[in-house]
Amino acid sequence: FRGMASGGETKTESPKQGNRLASSKSPYLLQHAYNPVDWYPWSEEAFEKARRENKLIFLSVGYSTCHWCHVMEHESFESPETAAIMNKHFVNIKVDREERPDIDKIYMQFLLMSKGSGGWPMSVWLTPELAPIVAGTYFPPKPRYGMPSFSTVLQNIAQKWQTNRESLMQQGSTLLGALKQNQDATAVAEAAFEPGSAEEKLAEAVAWSKQRFDQGNGGFGSEPKFPEVPRLNFLFHGYLVSKDVDVLDMVLQTLDHIGRGGINDHIFGGFARYATTKDWHNVHFEKMLYDQGQLMAAYANGYKLTRSGTFLGYADKIYQYLVKDLRHPLGGFFAGEDADSLPTHDDTVKVEGAFYAWTWEEIQAAFKAKPQRFGDITPERAFEIYGFHYGLKPQGNVPTYSDPHGHLTGKNVLIVRGSDEETCSNFDLQSEELAKLLEAANDVLHTVRDQRPRPHLDTKIICAWNGLVLSGLSKLANCGTAKREQYMQTAKELLNFLRKEMYDPEQKLLIRSCYGVAVGDPSLEKNESKIDGFLDDYAFLIKGLLDYYKASLDLSALRWAKELQETQDKLFWDERNGAYFFSQQNAPNVIVRLKEDHDGAEPCGNSVSARNLTLLSHYYDEEAYLQRAGKLLNFFADVSPFGPTLPEMLSALLLHENGLDLVAVVGPDSADTERFVEICRKFYIPGMIILHVDPQHPDDACNQRVQQKFKMVNGKTTVYICHDRVCRMPVTDPAQLEENLMANFFTERV
């Protein structure tokens, strides 16, 4: 529930009587397995009961790290009185939105159309035929926040179903009709993109971004503020096309402020889901895997454009967090960590932010207990410097307006309001001394924090989100740092995990999710009834494989990407109208197939697919991919405003219209060849594809035209850089290659 990110208390006690959710693998469903509510999973058994008894279905959708889902559970779903009303009048169904995003997206679209806003928990009442009639989000147990109590809503809907059913059904039929129209929508011919359209849409999106950019704090608009990485990706690309330095400044300032804000876990790494204050200070503390993967890539790209060590540090700390706290021993990554946790092991009430916030005295005591960690600096002096740098206050530094329930009263959430330079100047330190002190101090606090009760870990492993992490790892490895081999090994193990555990090689199908138990536990479980992958699972993994190929030149990754693209086309492509549906045709108990048309916290599958298709067309020299990308883009051409709504797709449109940058490295598999490839990888070039042309193994090439066209010069490893099939003079000197790329794809920050 986005508007209330800092409230509510959650208790740990649960009734002992299990319900039908007890046999689920989903951590979210298991959290509700001991409610007195007679919950069903999304299943034919539940639908049959609703039809047989002519009852409405109450559908509750959420996810295991959702703060307000916990609040509604403890206030209402654990209440025997509320459960009695629910069990008497409704067939009650629980859905994990991360496990079944198809169900979530359909009914969320209904909620948005009927209320104008949405969030989780999502509460929807359906007919026995699964048609939605009433929808909302969080409902309190007693009237407050201007909302009626949940029990009142339940009784009113139940009564209306008995006495005025036609009126109730009419409420939903108009909106349901609109949803079904989306399924059959055709491309608007008059809106189709023409040569020059990409530049026009770019100018429109840049103007929109400049108008809404927060000059003081970075980001766009006011709180709540999300990182919105698809928008940042577009701005990086938009800068390279437009050469408008203001565009680059918007994205770099945003990454600066996010990195220095409370949304960043300064002590160990990783980013929270969103900020509840416009300066990124107080936040909603849950950490989601999709944010980590995307921000790791964004900071890596920022480093490539600027060589900012700070950006590289943020990306590396995300990596450290992922490996320590979210990684399954076999190589996959868990979905995320909750915002709520117990303040101490003796407490029974979970509080949001308890794991991450600190009192003044707690930090003082931690430093005094480990004086040896600070070398020649006393713990008192270290605390003075640390407190200045991170904005600590004896009475706490969290603004009261952002903490309506007082859970962070007297607590500090770390934020860097100044800079390293300012701290060094204030305390007469060298930058190396400050870096060493902050590293030691954060390590001390990390050790202390690890003794606290941890937030709940959602051990679900989601294919799509792991695809985003594969992209992030690959881009970070391409930065050319000393840890490249470590990043690549983690990426390789992730790829192998996805291929072994989340892919059916006989049917060539991905599965949506599998389930671990805990960090360090090698156990792995799968649903008895397999949930096939959705559009995002294919699109995000294909993107990850394309990025991994660029980082490794492993042709097997490129071939798997092509194979998955063929399956995606078969399962989700709309042959009549173009673009991809989110779910498969004839999926059971899915009342409508949607095409997503919005890039939000994650890009939509169609946006990512437009880019994938464009890249694959050049890797394999197949025009059909490019034609399909064009048809996809034209399906969404009437979306207005196009760039602000679909920034990731606008980036794909720029590639589609302006052409790609082909780097052909011609030479044997040798250290010289690898050196040239390494140089190319270090730069942010959104439309760059790298092909290794090995004269000794011509039959291995995926693009025979390139293989036959380019030759070594004077027996030396040779690089050809071509844009849209127009090539520059070949280069045989690594220094000259780096100089050429620096001139076109690097910006020194002033």
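The questions and answers below cover the cysteines and the cavities of this predicted model.

Residues are numbered from 1 along each chain as its sequence is written. In this predicted model, local features need pLDDT of at least 70, side-chain atom pairs count only at pLDDT 80 or more, totals for chains, interfaces and linings use all residues, and side-chain values use heavy atoms, with hydrogens and water left out.

Visitor: How many disulfides does the structure hold?
Guide: A disulfide here is a pair of cysteine sulfur atoms within 2.5 Å. Cys66 is joined to Cys69, S to S 2.3 Å. Cys722 is joined to Cys727, S to S 2.0 Å. The number of disulfides is two.

Visitor: Which hand does the disulfide of Cys66 and Cys69 have?
Guide: Look at the torsion about the S-S bond of Cys66 and Cys69. That torsion is about 80 degrees, so the disulfide is right-handed.

Visitor: Is Cys727 buried, exposed or partly exposed?
Guide: Buried means under 20% relative accessible area, exposed means over 50%, and partly exposed lies in between (1.4 Å probe, protein chains only). Its partner Cys722 has 3% and counts as buried. Cys727 has a relative accessible area of 31%, so Cys727 is partly exposed.

Visitor: What is the volume of the largest cavity?
Guide: On a 1 Å grid over the protein atoms alone, a cavity is a set of points where a 1.4 Å probe fits but cannot get out. Points are joined across faces, edges and corners, and a volume is the space filled by probe spheres set on them. The whole structure has seven cavities of 30 Å³ or more. The largest has a volume of about 440 Å³.

Visitor: Which helix gives the most to the lining of the largest cavity?
Guide: Lining residues have an atom within 4 Å of a point. Helices are DSSP runs (H or I, at least four residues), numbered from the N terminus. Those supplying at least two lining residues each include H9 (229–242), H11 (289–306) and H17 (463–477). With six residues, the one that gives the most is H11.

Visitor: Which residues lie nearest the centre of the largest cavity?
Guide: The lining has 32 residues. Nearest the centre lie Asn233, Asn301, Lys475, Lys543 and Arg611.

Notes:
On a 1 Å grid over the protein atoms alone, a cavity is a set of points where a 1.4 Å probe fits but cannot get out, and a pocket is an open set with protein on both sides within 12 Å along at least five of seven lines; lining residues have an atom within 4 Å of a point.
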